[in-house]
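Please look through the structure below before reading on. The paragraphs that follow go from a strand to a helix and then to some aromatic rings.

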Amino acid sequence: MNTTLAPVELPDLPPQITSRYITLSDRDGLNVHILEAFPNTTNHSSTPNDLILLLHGFPELAYSWRKVLVPIANAHQGHHVVAPDLRGFGRTTLTGSGSVSQVQYEEALSSYHILNIVEDVCSLVRALGYSSVAMLVGHDFGSHVAGHCVVAHPELFTSVVFMSVPFGGVSGPSWSQASSEEGGDKAQERSIASSGADISTALAALQPPRKYYMAYFSTRSANTDMLCGGEKALYDFLGGYFYMKSGKWDGNDAQPLPSSFSPSPSISELAMDLATLPEYYVMPLHESMPDVIARHRRMDVRMTWPSGDEVSGGVYAAEFSRTGFQGGLNYYRSALSPPPPERVAQLRALAGRRVEVPAAFISGARDWGVYQTPGAVRKMREVVCSGAGGMQDEDFVLIEGAGHWVQQEAPEILVRELARFLEKRGGKLAVKGSATRNDVLDVKAKQSVATALHSHSNAHVPQALEDQKKPSVRAEGILFTAVAAIRV
């Protein structure tokens, strides 16, 4: 354990949350900053607690879990709950790099490959003194990291919760890296890659021309753009960005895209569908993300940090002003780039494996992240999570009124859902006196491919993907490859 780096003093943290560093000697001396909470000893026994690990997304930090760390830790018999700043984020740094070093665009992407982040997570678990994790929870990009963790190391993680972004499984190396003995598969991947290039061209040909946000995040200019030239402007940008992706923004009437229902959507159909997504996902071709947010802020003065979160917004602005965004942006760059040669065999071995531990999906009902990739939800539920553990109907949960930042927008409901999931599968976590689940949205899709009917009930889960025509696996595959093909 590292004793040279002082705990970080952060505002709006309950006293039960502590900050400390753990040095991972087997990860080139990575100093991982964590926020953690233990159960209140006056209400819980002193027996060892199981570990629950929370992985943040972009542009977030361990701090994003501040509202749920203590309630989860104190629930029933108690748990040790840990939220790390992932590599490239916040206070996590390499030994000797100092606390204020900024990741540079020119640095090697191999450190940010998702399998390298998986190895960071596994090393952290061991350094914390555990041989297993009772529940791994990943939000946004952290959902992809969590998925790769449980596929690669099912012996270490006994359950998983994906939040806001469906986990579509581990993708194998691109067709250009496939071995010559994989003739049929190679030809198929070549066809999909060609379709990916076509869809990026189709997006750029729309009026107005568009581009995908992950492509923008992969550009050299994105970090400088998003720093906005100063902390006050950065604070305003992040406030607008967080608001626009929250349940409060009027444009977040999230529902399945029409091409989700088509057995073989054309490139033009996919492009037209994607163009209907909010501009924080499919952007005007010649605008930066701050340009998008600033334009919407001029039309809606509500687009700022919500009342009560102004201080927390200052934490995000101060941290990203200090570190820059490049570390987090490199996760997207790595996802869109060929894997390091040493990862090709690993990816090939993991591709197609199912999640073999109990799995759940929790998101805000007003989060477009659930539907931005046509077919992704169906693939997650019926293919990727169809293994021994599976994802039961009641464990696919959309929280009414919440958007993308569900752990910050609806922390009490999230804690209750996590408690129910873990209790059901034999975990110790349980919240006494839970209310009825009126605040979980039951979505029943119309047979129309263009709309979905939203209705409220006490039912556990939305049935949108059960009652509608089967979405297209091809659409999901093409779009994922399209992202990798886009260059701006």
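**A covered strand and its surroundings**

Strand E7 (residues 160-163) is covered on both faces, with Val160 and Phe162 buried on one side and Val161 and Met163 buried on the other. The model is a predicted one, in which local features need pLDDT of at least 70 and side-chain atom pairs count only at pLDDT 80 or more, while totals for chains, interfaces and linings use all residues. Residues are numbered from 1 along each chain as its sequence is written, and side-chain values use heavy atoms, with hydrogens and water left out. Buried means under 20% relative accessible area, exposed over 50%, and partly exposed in between (1.4 Å probe, protein chains only). Helices (H or I, at least four residues) and strands (E, at least two) are DSSP runs, numbered from the N terminus.

E7 pairs with strand E6 (residues 135-139) in the parallel sense over four bridges; pairing requires that DSSP finds at least two bridges between two strands. Here valine 137 stands opposite valine 161 in E7. Strand E10 (residues 359-364) also runs parallel to E7, joined to it by four bridges, and in E10 alanine 360 is the bridge partner of valine 161.

Nonpolar side chains tend to be buried together in soluble globular proteins.

Leu329, Tyr332 and Arg333 are among the buried residues of H11. Helix H11 (residues 326-335) is mostly covered, with nine of its 10 residues buried. Those buried residues pack against helices H2 (114-127), H3 (141-152), H5 (213-217) and H6 (222-227).

The whole structure holds 27 aromatic pairs. Rings of Phe, Tyr and Trp (its six-membered ring) pair if their centres lie within 6.5 Å; planes under 30 degrees apart count as stacked, over 60 as edge-to-face and the rest as tilted. Phenylalanine 58 and phenylalanine 325 form an edge-to-face pair, 6.1 Å centre to centre with 65° between the planes. This pair links distant parts of the chain, 267 residues apart. Phenylalanine 58 counts as buried because its relative accessibility is 3%, and phenylalanine 325 does so at 0%.

Key:
Contact = heavy atoms within 4.5 Å.
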